[in-house]
Amino acid sequence: MTGRRSVAEASNTRQNILSCAADMASVEGLEGLTVGRLATALGMSKAGVIGHFGNKLELQLATLDFAAEVFRREVWQPAQHVSAGMPRLFAICDSWMAYAGRPAFPGGCFIAAASHEFDSRPGPVRDALAAHMRQWHAQLVADASIAVEAGDLPTSTDVEQIAFGLEALAARVSPTRQIYGDERAAEHAKDSMLSLLGQPTART
């Protein structure tokens, strides 16, 4: 029983570290993560923090994976059981913009912030980030392709352009809210997403 408790406690501690790291990195970037600041924020020793990861790179990668899992839980899970194609694209727009409107991290969209930070920095973090982003892009392309096959989008539709447009609109929400103070940024982006998908909005 003691062994099981120790494993569970270690797992909980790791998750607490990653949650704190993701909050910090969303504001100051993954490069801004320091073991010292994490240890202070969590009331832990530096050795206690780094002991869960081994080095800063592994901490960065684990933090990125943590944030990607939060995105998957908040955006993909609510939509994954909806019928593939246009119904799922609409569901994704709903959950994605609900998530963007009440971001899980103080700095806004973690993935968007990380993509700006690492877009010109080759290395393991950029590779891991690209893998997460490609997976999401491929899902959007797949559902757009099904929507075309079902006749819900014109046969001339460029499904890559649909995916790009949805991603671009989502990426705009955080800076619009953070810099301009526009609390309706997610709502505006959702309307634009629906327009891109050929769906009339309440204001059209």
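Helices here are DSSP runs of H or I with at least four residues, and strands are runs of E with at least two. By that count, the protein chain of this predicted model has nine helices and zero strands. Read along the sequence, the pattern is α-α-α-α-α-α-α-α-α.

Next, the overall dimensions. The C-alpha trace of the protein chain spans about 60 × 40 × 30 Å along its principal axes. The chain has 204 residues, and 40% of them are buried. Consider the contacts in the protein chain with a separation of 6 or more: residues 24 or more positions apart account for 64% of these.

Now the surface. The protein chain exposes about 10700 Å². Carbon and sulfur atoms supply 54% of that area. As for charge, the protein chain carries 18 positive and 22 negative charges.

The cysteines come last. A disulfide is a covalent bond between the sulfur atoms of two cysteines. The structure holds zero disulfides. The cut-off for a disulfide is a pair of cysteine sulfur atoms within 2.5 Å. Cys-20 is also buried, with a relative accessible area of 16%.

Cys-93 is buried, with a relative accessible area of 1%.

Definitions and conventions. Residues numbered from 1 in each chain as written. Predicted model: local features only at pLDDT ≥ 70, side-chain atom pairs only at ≥ 80, totals over all residues. Heavy atoms only, no water. Buried < 20%, exposed > 50% of the residue type's maximum accessible area, 1.4 Å probe, protein only. Contact = heavy atoms within 4.5 Å. Areas by Shrake-Rupley, 256 points an atom, 1.4 Å probe, with all protein chains shown as cover. Lys, Arg positive; Asp, Glu negative; His and termini not counted. Charge placed at Lys NZ, Arg CZ, Asp CG, Glu CD.
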